[in-house]
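Please look at the sequence and the structure below, then read the briefing that follows.

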Amino acid sequence: MAQQFSVPRGTADILPCEAGLWQEIEAKARRILANYNYKEIRTPVFEETALFRRSLGQTSEVVAKQLLELSSSGKEGFSLRPEGTAPVVRAYVENGIDRQESLTKLFYIGPMFRGERPQKGRLRQFHQIGVEVIGPGTWNPYLDAEVIALNVSMLKAFGLQGFRLKINTLGSCEDKENLSKELRQKLASERPRLCEDCQKRLEYNVFRILDCKNKECRAVVEDIHPDYGHLCPESRQYYDRLKGALNTMDITFDEVPYLVRGLDYYTHTVFEISDASLGSQDALSAGGRYNNLVSHLGGPQADAVGFALGMERVLLAMPSPSGAGSAPALTVYVIALDENVFPKAFHLLNTLRSAGIASDIGYKISSLKSQMRCAHKAGSCYAVILGEEENRKGVVAFKDMATGHQREAGLTELLEILKKGKV
Ligand code: HAM
């Protein structure tokens, strides 16, 4: 027997019966993004591995454990993109976008790849809708508020409710360094309680301890009380102004002082939107500010802020995705009742399509009853039937699938009726 193949673990086919819902989500997102004046950017699905190492950090989980590297004979290694921020910043710098405009608002929709252990809501290929705002003039808490508001309004447009917005600030690079020292000090005395990985993290990246899922590590983290002592007055004021802006927009949020996020490029604002109904993988979206990444990747000093939401998680959290978002409706299903009239029916099909009328035909000539069943299944509004008798008279039988009403019409009349949408 011939070998059958399965979809790779941690990936999924999006079947025609599901694709309509994906298109609906994308269309809603695109409408909102246009309202906020964001422009689409499409970057390759793979990039130099070094780009991700430099942007996300050598010790981040994504780089250390999840990069899906492509084996290549060349010297330079490539990896499937695990996220969209680093590629967008690479494209921004490479194309000199900063020389064309001072404030750049970009969005992307597409697949990302992480070699994770698959579970509900955690895939190896998943899809993100993300935005990045980059430019020298983007150091403004109202812009962080805009990005968060955009994220919230998208989730609401998808029909999600009851999600929770968590925010925090890491402060500037220097503040982050102070926070790292403070955490190291506070956690050092608890070293024996930490898991093996976190004992190492204490040395090379203390922030990762705050994300550790181990129960005992979580308890240790909950015991250390944050006081925002690491923040300089400017960072503190920036954070206060962001909270003020969110309040004026009536966006409810929780401050979570040890929300740090798993990627190294963040400075100042970080946020995450979670939905408890999702279980352990509860983050619907996440983002924040990354004021040093552009210069770190060889570009000008440009501030930046963005977020990305996970489309599979949005679908899991949506009220009842099944049944919604059916495939686009077909207007006409052409039925040829025998081989002799098929060429004429085929010609009619192409005339209808050329006139912009969504039409199809079953290529298997069977009984009228069975072809009508196919027309129903295809969700067609009308059936146009051509048999010997109609052929002789130079007409077609034209049936409204909803009412069952049927009458004869000539081709010109048929086209007129369909174009006007009136039967
Ligand atoms: P992230 O938190 O790594 O951030 O991913 C953003 C979202 O992608 C998550 O909240 C989640 O919904 C989804 N996601 C991540 N990993 C998986 C997975 N394995 N399976 C399914 N969904 C997943 C970033 O990617 C940043 N680039 C966001 C950003 C943009 N920050 C600034 N600009």
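In helix α2, residues 49-56, the buried residues are Thr49, Leu51, Phe52, Ser55 and Leu56. Buried means under 20% relative accessible area, exposed means over 50%, and partly exposed lies in between, with a 1.4 Å probe and protein chains only. The model is a predicted one, in which local features need pLDDT of at least 70, side-chain atom pairs count only at pLDDT 80 or more, and totals for chains, interfaces and linings use all residues. Residues are numbered from 1 along each chain as its sequence is written, and side-chain values use heavy atoms, with hydrogens and water left out.

**Helix α2**

- The buried residues of α2, among them Phe52, cover an arc of only 155° around the axis, which puts them on the same side of α2. The arc is that of the directions from the helix axis to the C-beta atoms.
- These buried residues pack against β2 (46-48), α3 (61-66), β3 (69-70), β4 (78-80), α4 (85-94) and α12 (293-296); contact means heavy atoms within 4.5 Å.
- Helices (H or I, at least four residues) and strands (E, at least two) are DSSP runs, numbered from the N terminus.

- Strands of a sheet pair through backbone hydrogen bonds, either parallel or antiparallel.
- Eight strands make an open sheet with mixed pairing, in the order β1-β5-β6-β11-β10-β9-β7-β8. Two strands pair if DSSP finds at least two bridges between them.
- β1 and β8 (254-255) stand at the edges and have a single partner strand each, so one side of each is left without a neighbour in the sheet.

**Strand β10**

- β10 runs antiparallel to β9 (residues 269-274), joined by 5 bridges; isoleucine 273 has serine 285 of β10 as its bridge partner.
- β10 also pairs with β11 (residues 303-310) in the antiparallel sense, over 5 bridges.
- Glycine 287 has phenylalanine 307 in β11 as its bridge partner, and glycine 288 stands opposite glycine 306 in β11.

**A surface patch**

- Val45, Phe46 and Leu70 form a nonpolar surface patch with about 220 Å² of accessible area together.
- Valine 45 lies in the loop between β1 (39-40) and β2, and counts as partly exposed because its relative accessibility is 31%.
- Patches are made of residues with over 30% relative accessible area and no salt bridge, where like charges are joined within 9 Å and nonpolar side chains (Val, Leu, Ile, Met, Phe, Trp, Tyr) within 5 Å.

Methods:
Accessible areas come from the Shrake-Rupley method with a 1.4 Å probe; for residues, only the protein chains shown count as cover. A salt bridge is a side-chain nitrogen of Lys or Arg within 4 Å of a carboxyl oxygen of Asp or Glu.
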